[in-house]
Amino acid sequence: MDATDGNTAETTGSRRYWLLRGVRSAFSIPGLILASAFVGFAGLARDAGLTLAQTVFMTGIVWALPAKVVLVGAVIAGNSLPAAAFAVALSSVRLAPMVVALTPEMRTPKTPAWVLYLLSHFVAVTSWVLAMEQFRLVPRPMRTTFYAGLGGTLVLGNMLVVAVVFIVAGRLPPPVSAALFFLTPMYFLTSLWGSARERAGQVAMVFGLVLGPVFHLLTPDFDLLAAGLSAGVAAYGVHLIGKRRRKA
């Protein structure tokens with residue numbers, strides 16, 4: 001049933017009902033896959049020397065997993081604070097279009113601005129996909145409540161996952177700990193490769209994998225930033241050349 005106009009019987013449901021509907025939506029296949037990625041992040045953070053409190057705090061405050069991986073990578077590489085902050089900001093800019101697309105879907109004339117600012121913290125790939133799928137079934141006046149349940153559950157649930165895995169990881173056999181360490185980068189490599197809409201995205205990943213070690217030797221403080229920019233520009237150049245050849 002489509003509830004976009006907010007005039008259906010479901011509109012009369014209480015905010016508690018829609019909050020719980022949002023909570024329930026977090027327990028899904030995408031949510032499970034996201035939790036598995038955070039298992040790997042906990043192992044990564046532990047091996048990087050972060051404390052339990054720092055890791056859990058980072059999970060709740062930074063939230064988006066790529067930004068946290070970039071930050072931990074900067075910590076491991078010993079990058080300066082401005083360089084790490086700049087790299088994290090660049091990785092988070094990609095979420096801005098998601099916020100722009102999601103906000104009109106759940107805003108009403110009576111929605112306070114601070115509610116939208118608060119909920120924008122929950123925007124990441126998984127929560128965005130689940131929300132856009134479910135919003136057609138949620139009355140518009142209840143969408144902020146629904147998204148608060150969805151996003152809040154994903155954040156708090158994964159903070160708990162990270163805390164448990166961080167504590168348990170120290171008692172695991174070395175091969176299992178090593179597998180946890182590589183789970184997050186492998187998750188990103190495979191998911192980004194499979195979700196790339198343009199061949200240029202995959203080309204950029206290959207360039208980045210090759211240039212990363214090179215820039216780490218040349219400029220350790222800016223290796224992630226330099227490798228990312230160089231790989232992206234090179235892939236865009238390859239994309240333009242291929243486009244011109246197809247037109248010729």
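## Close-up views of a predicted helical model

**View 1. Helices H6 and H8 cross with left-handed geometry.** A crossing is called left-handed if the near helix is turned anticlockwise from the far one by less than a right angle, and right-handed if clockwise. The model is predicted, and local features need pLDDT of at least 70, side-chain atom pairs count only at pLDDT 80 or more, and totals for chains, interfaces and linings use all residues. Residues are numbered from 1 along each chain as its sequence is written, and side-chain values use heavy atoms, with hydrogens and water left out. Helices are DSSP runs (H or I, at least four residues), numbered from the N terminus. The axes of H6 and H8 come within 11 Å and cross at roughly 35°; axes are lines fitted to C-alpha atoms, for helices over the stretch in contact, with angles running from 0 to 180 degrees between N-to-C directions. On the H6 side, Met98, Ala101, Leu102 and Glu105 meet Val125, Trp128, Ala131 and Met132 of H8. Contact here means heavy atoms within 4.5 Å.

**View 2. Phe38, Phe41 and Trp63 make up one aromatic cluster.** The structure contains four aromatic pairs. Rings of Phe, Tyr and Trp (its six-membered ring) pair if their centres lie within 6.5 Å; planes under 30 degrees apart are stacked, over 60 edge-to-face, and the rest tilted. Phe38 and Phe41 pair edge-to-face, at 6.3 Å centre to centre with 80° between the planes. These two residues are about one helical turn apart because they lie three residues apart in helix H2 (residues 29-47). Phe38 also stacks with Trp63, at 5.5 Å centre to centre and 15° between the planes. This pair links distant parts of the chain, 25 residues apart: Phe38 is in helix H2, and Trp63 is in the loop between helix H3 (52-61) and helix H4 (65-77). Phe38 has a relative accessible area of 0% and Trp63 one of 3%, so Trp63 counts as buried. Buried means under 20% relative accessible area, exposed over 50%, and partly exposed in between (1.4 Å probe, protein chains only). Phi of Trp63 is near 65°, a positive value in a residue other than glycine.

**View 3. Charged groups of Arg46 and Lys68 lie over phenylalanine rings.** The charged end of Arg46 sits 5.2 Å from the ring centre of Phe166. Lys68 lies over the face of Phe41, at 5.5 Å from the ring centre. A charge sits over a ring if NZ of Lys or CZ of Arg is within 6 Å of the ring centre and within 35 degrees of the ring normal.

**View 4. The largest nonpolar core has 40 residues.** Such a core is a set of buried Ala, Val, Leu, Ile, Met, Phe, Trp, Tyr and Cys residues joined through side-chain atoms within 4.5 Å. Phe41, Tyr147 and Leu150 touch the most other members. Helices that each supply at least two residues include helix H1 (15-26), helix H6 (96-106) and helix H9 (143-169). H9 gives the largest share, eight residues.

**View 5. Gly22 of helix H1 touches Phe146, Gly149 and Leu150.** Those contacts do not count residues up to four places away in sequence. Gly22 is buried, with a relative accessible area of 0%. The C-alpha atoms of Gly22 and Leu150 are separated by 4.2 Å, although the residues are 128 apart along the chain.
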